[in-house]
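Colleague: I would like to go through the charged side chains in this model. Please take them pair by pair.

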Amino acid sequence: MVDGLCEVQPISATAARVAKRELDQFRRTVQIRMPSGLSVGAPDQEWFGPAIAARAYRLLDSRAGGVDPDLRNELQGQSLERIERGRYRGRQVMPWQLSWHYGQVVGEFQRAATEQAAELADFAWLAVPLDLGKRTQVLARVLQGACAVKDRRTMLQALEELYRCETPGRPLGQGVIGAGIEASLDVLEALWQQLDGREKASINAMLDALNFLHAKANTIGFVVETPEDIEALIQAMGPGALIEQRNAARAIIRHGCFHAVICLGRSMTEVAGAAAVAIEEHGAKWLIMPGWAKALGSKLPHVARGPRFVGAGPGDLVIATSVAPFRIQLKLRDALSIADPPYLSDGGMIIPADPELCRLAHEAADAMLDDIGVFFEGMTVTRDTDGSEADVSAAFPGALGMDGVAYVMGLICLSRSVPCLVIQRLVDAGPHAASPARDAACRLAVKVAEMLCRRW
């Protein structure tokens with residue numbers, strides 16, 4: 001853990017302070033416990049032996065700089081102490097743990113640990129029944145030591161046994177080797193040190209290609225109503241985003257961590273087509289619409305005593321928890337080019353947002369308060385020109401805004417089992433009205449996409 005903190009300390013001044021604090025505390029603890037051996041006092045939960053001293057030596061030697069010579073010599077001495085008749089410094093060491101210890105000792109001290117290196121070639125411990133994770137961890141350390149002293153025969157045998165611990169059916173998931181992350185990382189640590197720059201560059205290129213293909217297979221779709229929103233989305237993705245294709249109605253973007261298609265639709269018919277194209281032609285697995293809605297209320301602070309409530313009004317941002325239709329059945333029929341729109345009764349059907357996308361949007365908006373300002377969550381209503389604001393509010397009490405197309409995207413996604421989310425900026429004079437929330441809706445939509453792809 002301390003080594004990991006030291007690895008990320010260049011990220012910020014705070015990370016550097018935390019890393020220094022933990023490293024100093026580790027060094028003090030090692031000094032205090034050195035005389036009795038580096039043990040946490042839990043025999044059933046630790047693999048006590050010389051590898052612990054070797055690991056501490058490696059950490060302090062590489063990270064601390066200017067380690068006290070007496071401490072350094074004592075750590076090296078404890079690392080090179082032999083395990084005699086299954087015991088180390090008066091405590092028992094299991095036979096299969098011996099190779100785990102010696103692999104790390106040899107990997108650190110090499111020529112000074114020639115006797116320990118010879119014992120790495122003894123694979124008799126494999127006859128002991130062990131779970132796959134422990135077996136892999138031991139083999140990874142045998143490989144580490146054998147590579148350090150260039151013992152090719154032991155290296156090949158360790159690799160052969162590691163192949164038997166692999167789960168090839170899940171090459172990109174948890175459990176690649178040893179059915180656990182820790183065992184897989186131990187193998188990576190043992191192998192990575194043996195690769196030269198050319199080999200590492202080749203592996204990085206392969207990983208980049210795999211990540212790209214995985215992202216493309218999990219394309220995130222955005223449906224927008226104005227060309228300005230296409231530009232706002234691209235800007236929100238940052239300077240590292242690569243525009244693969246671009247025309248007046250569509251853009252395909254390669255973001256640093258996801259693949260995206262942006263489709264433009266200005267009317268119900270165009271939005272229906274844009275959503276269908278994103279799903280069917282580009283394989284979008286999720287659809288997010290950063291759009292606009294006319295506010296159904298105004299900002300009215302509650303002046304009485306008690307909790308202060310501020311209503312959603314022009315300039316605010318709304319994460320739609322659901323979308324509802326208002327007198328648009330005929331329009332929907334024309335837009336979808338079918339006799340009767342699916343999933344519509346006489347009064348229409350409220351379509352809820354995808355719960356996971358809604359949760360991510362809430363978390364993202366909460367973290368971006370300084371950037372996007374206050375946000376609201378609730379229903380928005382899609383209507384045509386028919387019906388006044390009072391009519392809409394009477395039909396859907398508590399609705400925050402009304403728009404002209406969002407319900408169509410929700411209906412297309414519902415019919416194709418694609419999760420969707422609508423994020424709207426509230427305005428008072430149409431989609432092109434100036435509003436602080438205009439670009440904020442696009443920034444929030446991109447942030448949701450970034451959080452979504454972290455699960456991959």
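Modeller: First a definition: buried means under 20% relative accessible area, exposed over 50%, and partly exposed in between (1.4 Å probe, protein chains only). This is a predicted model, in which local features need pLDDT of at least 70, side-chain atom pairs count only at pLDDT 80 or more, and totals for chains, interfaces and linings use all residues. Residues are numbered from 1 along each chain as its sequence is written, and side-chain values use heavy atoms, with hydrogens and water left out.

Colleague: Is Asp 371 buried, partly exposed or exposed?

Modeller: Asp 371 pairs with Arg 443 in a salt bridge (a side-chain nitrogen of Lys or Arg within 4 Å of a carboxyl oxygen of Asp or Glu), with the closest N and O atoms 3.0 Å apart. Arg 443 lies in helix 18 (residues 437-453) and Asp 371 in helix 15 (residues 369-372), so the bridge ties together parts that are 72 residues apart in sequence; helices (H or I, at least four residues) and strands (E, at least two) are DSSP runs, numbered from the N terminus. The relative accessibility of Asp 371 is 43%, so the residue counts as partly exposed.

Colleague: How many salt bridges does the count come to?

Modeller: The bridges include a network that links Arg 55, Arg 58, Arg 141, Asp 186 and Glu 189. By the rule above, the count comes to 25 salt bridges.

Colleague: Lys 20 and Asp 24 meet in a salt bridge; which of the two is buried, and at what relative accessible area?

Modeller: Their N to O distance is 3.0 Å, and both residues lie in helix 2 (residues 13-33), 4 residues apart, about one turn of the helix. Lys 20 counts as exposed because its relative accessibility is 52%. The buried residue is Asp 24, at 16%.

Colleague: How many residues apart in sequence are the parts tied together by Arg 416 and Glu 280?

Modeller: The side chains of Arg 416 and Glu 280 form a salt bridge of 2.8 Å, N to O. Arg 416 lies in the loop between helix 17 (406-415) and strand 12 (420-427), and Glu 280 in helix 12 (residues 268-280), so the parts they tie together are separated in sequence by 136 residues.

Colleague: What is the length of the polar contact between the side chains of Asp 61 and Arg 72?

Modeller: Asp 61 lies in helix 3 (residues 50-64), and its C-alpha atom is 7.8 Å from that of Arg 72, 11 residues apart along the chain. A polar contact is a pair of N or O atoms within 3.5 Å; within protein, one must be able to donate a hydrogen and the other to accept it, and residues adjacent in sequence count only if both atoms are side-chain atoms. For the side chains of Asp 61 and Arg 72 the value is 3.1 Å.
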